[in-house]
Amino acid sequence: MSTPKPPSSEDIVGQKACRVMIVVVLADFLVKAGVGFSAGVVLSVILFRRRTWPIALSTGFGAGAAYADCDRSFNPARIPGTRIISQLPETQTERK
């Protein structure tokens with residue numbers, strides 16, 4: 001039996017970056033959902049005679065905004081106005 005190969009430094013850095021990214025996304029979700037919840041409570045008390053639907057609606061808006069930001073973080077092709085340009089294969093003249 002052979003011993004398992006130790007992870008490369010690129011793998012270690014990638015794992016740490018993934019963990020950091022997930023923490024950032026969760027923090028963003030909590031902040032935006034919390035701001036939406038707070039705005040919903042204020043609107044509910046001031047304008048809508050203490051109904052619950054403004055709280056749910058604004059919390060959902062905050063969670064949706066956080067989801068959209070997370071999607072853009074993990075999939076940069078989703079950013080509006082960006083194009084993914086593939087590299088063209090090298091020709092014989094470029095190799096010389």
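**Entry 1: what I am looking at**

I am working from a predicted model. I started with the salt bridges, and the structure holds three of them. As a reminder to myself, side chains of opposite charge can pair when their charged atoms come close.

**Entry 2: Asp28 and Lys32**

I looked up Asp28 and found its place in helix α1. Its side chain meets that of Lys32 in a salt bridge, at 3.7 Å from N to O. I checked this against the cut-off, which is 4 Å.

**Entry 3: Lys32 across to Asp69**

Next I followed Lys32 to its other partner. The side chains of Asp69 and Lys32 meet in a salt bridge, with 2.1 Å from N to O. This pair links distant parts of the chain, with Lys32 in helix α1 and Asp69 in helix α2 (residues 53–74), 37 residues apart. Asp69 counts as partly exposed, at 24% relative accessibility.

I then went back to Asp28 to see what else it touches. Setting aside neighbours within four places in sequence, I found Asp28 in contact with Ala66 and Asp69.

**Entry 4: Asp69 and Arg72**

Where does Arg72 sit? I found Arg72 in helix α2. Arg72 forms a salt bridge with Asp69, and their closest N and O atoms are 2.7 Å apart. The two side chains also make a polar contact, listed at 2.7 Å. Asp69 and Arg72 are three residues apart in helix α2, so they are separated by about one helical turn. Arg72 is partly exposed, with a relative accessible area of 35%. Putting the pairs together, I see that salt bridges with shared partners join Asp28, Lys32, Asp69 and Arg72 into one network.

**Entry 5: Ser44**

I moved along to Ser44, which lies in helix α1. Is Ser44 buried or exposed? I have Ser44 down as buried, with a relative accessible area of 4%; the cut-off for buried is under 20%. What does its side chain reach? The side chain of Ser44 reaches the backbone oxygen of Arg51 at 2.5 Å. Leaving aside neighbours within four places in sequence, Ser44 is in contact with Arg49, Arg50, Arg51, Pro54 and Ile55.

**Entry 6: the annotated stretch**

Last, I looked at the record. The unreviewed UniProt entry carries the annotation "transmembrane region" for residues 20–48. How much of that span is helix in the model? I found residues 20–48 to be 93% helix and 0% strand, with the end C-alpha atoms lying 40 Å apart.

**Entry 7: for my own recall**

One is the network of Asp28, Lys32, Asp69 and Arg72, joined by salt bridges that share partners. The other is buried Ser44, with its side chain reaching the backbone oxygen of Arg51.

Terms used. Residues are numbered from 1 along each chain as its sequence is written. This is a predicted model: local features need pLDDT of at least 70, side-chain atom pairs count only at pLDDT 80 or more; totals for chains, interfaces and linings use all residues. Side-chain values use heavy atoms; hydrogens and water are left out. Helices (H or I, at least four residues) and strands (E, at least two) are DSSP runs, numbered from the N terminus. Buried means under 20% relative accessible area, exposed over 50%, partly exposed in between (1.4 Å probe, protein chains only). UniProt positions are given in the numbering used here, feature names are shortened, and annotations may be inferred rather than shown by experiment. A polar contact is a pair of N or O atoms within 3.5 Å; within protein, one must be able to donate a hydrogen and the other to accept it, and residues adjacent in sequence count only if both atoms are side-chain atoms. Contact means heavy atoms within 4.5 Å.
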